[in-house]
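I opened the model to look up a few things and note them down. The entries are kept in the order in which I went through them.

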Amino acid sequence: MAELLLEVGIAVTGVALAGMLAGRIGLSVIPAYILVGVLLGPNAPTALFGVPVALVNEGEVIDVLAELGVVFLLFFLGLEFSVDQLLRDRRKISAVGVLDFVVNFGIGAAIGLAFGWTLVETLFLAGIVYISSSAVVTKSLIETGWIANEESSPILGTLVFEDILIAVYLALLAAITGGGGLRAAATSVGVAFLFLGGLSVVAWYGAGWFERFFKTGSDEQFVLRVVGLTTVVAGAALALGVSEAVAAFFLGTGLSQTTHVERIEHIVAPARDLFAAVFFFAIGLSTDVTLLAGVAGLLAVAVVATTAGKLLSGTLSGRVYGLDQRRSLRVGLGLVPRGEFSLVLVALAASIGTGRLGSVIPAFAVGYVLVMSVVGSVLVDRADGITDAVLSVTGTDSRG
Amino acid sequence: MTVYETDVPGVGKKFEVELDGDERLVIVIHHDGKREVFHKDGPDVDADRLFTLGGRQAREVGAILQGAYFQPVETDSVDVPLGDAIIEWVDVESDSPLAGQTLADAKVRQRTGASIIAIQRDGTTLPNPDPEDTITPGDILVTLGTRDEQSALEDLVAPDDDG
C-alpha cells in the first residue's frame, strides 16, 4: 500500500509542478502533464543526470484514476454541450463542421493509407488529427480576447460540431474494434446505439427525475451522487462493450437540461480536473518515446499537412460566417491545437492494443499532440504578424 | 438595446450588448464567477479588454452601475464614520410635495432631523446648498441623518400616495 500511495502522490505532485511551470512559460498544461508522465514513467528516460526518475509504474490505481479522467472529460463535454446553440445556428454550424471534417479527417485518412496502415489504424489516425482541442482553443480565445470578436462564432461552432461528431465516432470505433468478424462488429454497433439511444431517451425525458435525484442541500451529497451515477453508467456501458466515454457524454447532455449545471461546474469540476490531469499523466506514463524515432517521418508529414488543413478549413469557415480575410485566417489559426480528445482516442487504441494500435499510434499521438499544442500556441501568439504577412502577399489588406 | 447571449463550452457565457451606434460591450462570465469585460467600437473591430472582475467585485460594481448600491445601506455591514448617521441619496419626483419649495420653506431639518448636505442637479453637485435654493423635480438630495431621520425624510419627499 505504501508504494501505491507514494506513486499516486508523486504522480499528482509531478503534475502540479508541471502545470505550474507550463503556466509560467505560457504553455498549455496538457503537454506539460504528458511530459512529466513520460519523465516519471518506466520507459526512457529512466534517469536524469544520474538520478533515477522512473518513479511511477503503470498500475491499476493510476489506470482507474485515468479512466475516470476520460469519463469526466466527456461528461463535462456533454454537460456543456449546447443543444440550443446547435439548433439555432444549425445551418452555419453544419456547414463549417462538415468542411472541417472533410478536410482534416480526409487528410488524416490519406496519410494513413499512404503509409500503408490498415483500415482500423487509419480510422484512429484520422480521428486523432481531425479533432481540435476544445480546452486549448477556448483558453486561447479568452487570452487573446478573440472571444469578444466575430471570429469566435465559427470557432465555437466548429467545436460544437466536433464534440457531437467525436461522441458518435468514439462509439463507432469502440464497437467495431470489439473483436470478431463483420457480424460481431455489426452486432456491437447495434448494441452501442441501442444503449446510447436508450440512455439519451432516459436523459432527455428523465430531466424531472434527475432534477429531484440531485436536489440536496449538502455539497458532499451532491458530488457523491454526480460522481456515483456517472461512474456507474460508464462502467455499465463498458461492461456491454459500449464506449464508457460516450455514455458519460450522453449522461452529461441529459443533465445539461436541469438546473444543476452551475452547481456541477462549481463542485464537480475540481474532481474532473484531478482525474483528467492523471489521465494525461498516464498517457505519458505508457508512452515509449524511443518509438518516436520510428514515426518521425509520419509525424513531420502529419504536423505540416494537418496544420495546413485546419488553416484551410478554418479560413473557409470564416468565409461561411461572412468574415473578412483577417478574421477568417484567425479562425484557422485558432483551431490548430489538438489535445484531450485525440488522447481519448489513443486511450481506446491502446486498450485494444493490436498491431500499431498498442505502440506506434500512442507514441505518434503523444508526439503529435505535444507538437501541435506548441505550434498552435505560437500561431495564435503570432497571429497578427501572420495575417499581416498573408494579407500583404494576397494584396488585400482590409485594415486600410 | 439588444443583448446577444452565447454559450462558451468549458468557460461559461458570453453576452454582447449593443450600445449607441455600432459600439458594443462584450461580457464573458466564467463558471467560477470571473467576469471579463471587452469594448468594441463596432461589430467589425477588434475588441479591447477593459477589465476583469471576481464574482463579488462584479456584483458590487453591478449594483453601483444599477444605481442601487447606496440605497440598501446595512449599518452592521458597512463602516460609517459618522456615528449613527448615514448618508442617503433621495430622488425628488415631479409630484413630490417638496418640489418647488425653497430649503428654508421645506424646513427639512426641523421636520425630520436629517440635513440636506448637497443637491445633485443635472449631473452637477451643489455642496452646502443655500437656504434660498429651490428644490426642483429631478433633483437628488444628499442627506445626512440617522436611520430613523432618513426614513422620515423619505416619507416627506415621497409623493402622497393617497393625495
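**Conventions.** I am working with a predicted model, where local features need pLDDT of at least 70, side-chain atom pairs count only at pLDDT 80 or more, and totals for chains, interfaces and linings use all residues. Residues are numbered from 1 along each chain as its sequence is written, with chains lettered from A and ligands numbered from 1 in the order in which they are written.

**Chain B, overall.** I looked up the secondary structure of chain B and found four helices and nine strands (DSSP runs, H or I of at least four residues for helices, E of at least two for strands, numbered from the N terminus). Along the sequence I read β-β-β-β-β-α-β-α-α-β-β-β-α. Of the 163 residues in chain B, 24% are buried (20 or more other C-beta atoms within 10 Å of the residue's own, C-beta atoms being placed from the backbone).

**Domains.** Chain B is divided into domain 1 (3–66) and domain 2 (86–157), with bounds from an automatic or database domain assignment. I noted 36 Å between the two centres, taken over C-alpha atoms.

**Sheet.** I traced an open sheet of four strands in chain B, antiparallel, in the order β6-β9-β7-β8; strands pair if DSSP finds at least two bridges between them. Its edges are β6 (86–91) and β8 (124–127), each pairing on one side only. The twist from one strand to the next averages 25°. I followed β7 (residues 115–121) of chain B to β8(B): four bridges join these antiparallel strands, and B:Ile119 has B:Leu126 as its bridge partner.

**Contact of chains B and A.** I found 16 residues from chain B and 16 residues from chain A in the contact (C-beta atoms, placed from the backbone, within 7 Å). On the chain B side, β1 (3–8), β3 (24–30) and β4 (35–40) give two or more residues, and β1(B) gives the most, with three.

**Helix pair in chain A.** I checked α3 (residues 60–79) against α12 (residues 244–255), both of chain A: they pack at about 35°, axes 6 Å apart. Axes are lines fitted to C-alpha atoms, for helices over the stretch in contact, and angles run from 0 to 180 degrees between N-to-C directions. The residues in contact include A:Leu74 and A:Phe75 of α3(A) and A:Phe249 and A:Phe250 of α12(A).

Definitions and conventions. Contact = placed C-beta atoms within 7 Å. Buried ≥ 20, exposed ≤ 12 C-beta atoms within 10 Å, placed from the backbone.
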